[in-house]
Amino acid sequence: MAARGLLWTLFLTAVFLAGILAALPDRHVSPVAGAVFVHELKREHFQGAFPSIRKNDSEIPPDTPITFHAQLLGYPDLPRWLRYTQRGPYQTGYLYGSPTTKDVGRQLIEVTAYNRHTYETVRQRVIFTVVPSPDTQMPYQAEFFVKNRDVEEVLPADAQKQFQQALDIMLEQKDWSIINITSALDRGGRVPLPIEGRKEGVYIKVGSRRPFSNCLMEAMSSDNQFRCSLEQQPVITCYDSFSPQFRVDWCNITLADLSSLSVTEGVPVWGDGVLEEGSEYNPPTDSPEKAFLSDYLLTILLPLLVAFLLCLLLAYIMYCRREGVHKRDRKTSDVQMVHHNTIHSNMEELRHMASSRDVPRPLSTLPMFNVRTGERVSPLQGHQDSAHVPLILAQQ
């Protein structure tokens, strides 16, 4: 009986999980090393696979909020070259990145879609087969910063094609291709204020086998760099074909010449911040010994010396610069001194006369006082004398 009950429980659990967790067929994609890769996670593709929606095929709600979670199978996160982004539960999700030759091989990504209304989930395995690039490496690379776009707005194929066409027209050469797309937030950028028209910004890296044109070299000239330091727009002779669709920051351009394995002077190269596979971090060696006596004197003794000097100055002002009574009297004229002494003696005489006068006290200060007759009566005597005069006429 116990074994039968256990089997029945397992059967019900499997039925329950089958109703809550659904799966889609595997999907195969083939990114190319050295080129940007974008995989769209379309909401419509996952929306029809939810169990509650499969039962009502005729009533599929178009506004179902769906979010995604992607991870490398058996690991909590994605590979280092792959990123995931989704602006909101009603927008399309994207898996994008640029694999390198070290990433060539097979990688299995598990994508889970969540229905935010019913809490149902749908899973799909996306098999990434990274293949080496059939073309040679592009040694001349340029990176542009587009200020008026978010990364989700540049990932679609139409937006990439539009950017590449504008680049070909501007540089007058058609062998440029997009290598990588990176959000400005991944480069340490700040989240913009929630104001209409403010964007996060995106970095677009392109590569070519031909050397840089004069237009790009002019943007990196010393004169234009000086203008950029003054927050002014650089002067370039070629026509800016990116505007108005793409607002390129010409002061934030990176040029890299990999033909000689060197980078153009004064231009930094951004790394991914991830150690190579199998390598270890080697911390710096111990710093040499340093004498901290000068730091101690500067930090502790100098403030104490300043405080001591201030105390001496204050004591000199309070005790050595005071004017004594005799010195003050010597500086005061005789007329003023006679006037002051007269007022003082008169005040003392009045105080003496007031203390020695013998006049009756005011009636209001006596312990018992009849308002009508003005007679003073002791409070102890009022209880014994029945023929006393009442205080109020109505009491007669």
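This is a predicted model: local features need pLDDT of at least 70, side-chain atom pairs count only at pLDDT 80 or more; totals for chains, interfaces and linings use all residues.
Colleague: How do you know what H8 should span?

Modeller: H8 covers residues 293-320, and its 28 residues at 1.5 Å a residue should span 40 Å. The end C-alpha atoms are 38 Å apart, which agrees.

Colleague: What makes Cys320 exposed or buried?

Modeller: Exposed means over 50% relative accessible area. Cys320 has 53% relative accessibility, so Cys320 counts as exposed. Cys311 is at 51%, so Cys311 counts as exposed too.

Colleague: Why is the link of Cys228 and Cys251 called a disulfide?

Modeller: The cut-off for the two sulfur atoms is 2.5 Å. In Cys228 and Cys251 the S to S distance is 2.1 Å, so the pair is within the cut-off and counts as a disulfide. A search of the whole structure finds one disulfide.

Colleague: Which hand does the link of Cys228 and Cys251 have?

Modeller: The link is left-handed, with -85 degrees about the S-S bond.

Colleague: What does the pair tie together?

Modeller: Cys228 lies in helix H7 (residues 222-229), while Cys251 lies in the loop between H7 and strand S12 (254-257). The pair therefore ties together parts that are 23 residues apart in sequence.

Colleague: Why is Cys228 called buried, and what is Cys251 called?

Modeller: Buried means under 20%. Cys228 is at 16% relative accessibility, so Cys228 counts as buried. Cys251, at 30%, counts as partly exposed, because that class lies between 20% and 50%.

Colleague: How do you know that Ser208 is buried?

Modeller: Ser208, in strand S11 (residues 202-208), has 0% relative accessibility, so Ser208 counts as buried. Leaving aside neighbours within four places in sequence, the contacts of Ser208 include Met138, Pro139, Gln173 and Trp176.

Colleague: What makes the pairing of Ser208 and Asp175 a polar contact?

Modeller: The limit between N or O atoms is 3.5 Å. The side chains of Ser208 and Asp175 are joined at 2.9 Å, so the distance is within the limit.

Colleague: Why is Tyr140 called buried?

Modeller: Tyr140, in strand S9 (residues 140-146), is at 15% relative accessibility, so Tyr140 counts as buried. Not counting residues up to four places away in sequence, Tyr140 touches Trp176, Ser208, Arg210, Phe212 and Ala256, among others.

Colleague: How far apart are Tyr140 and Arg210 in sequence and in space?

Modeller: They are 70 residues apart in sequence and 6.8 Å apart in space, C-alpha to C-alpha.

Conventions:
Residues are numbered from 1 along each chain as its sequence is written. Side-chain values use heavy atoms; hydrogens and water are left out. Helices (H or I, at least four residues) and strands (E, at least two) are DSSP runs, numbered from the N terminus. Buried means under 20% relative accessible area, exposed over 50%, partly exposed in between (1.4 Å probe, protein chains only). The expected span of a helix is 1.5 Å times one less than its number of residues. A polar contact is a pair of N or O atoms within 3.5 Å; within protein, one must be able to donate a hydrogen and the other to accept it, and residues adjacent in sequence count only if both atoms are side-chain atoms. Contact means heavy atoms within 4.5 Å.
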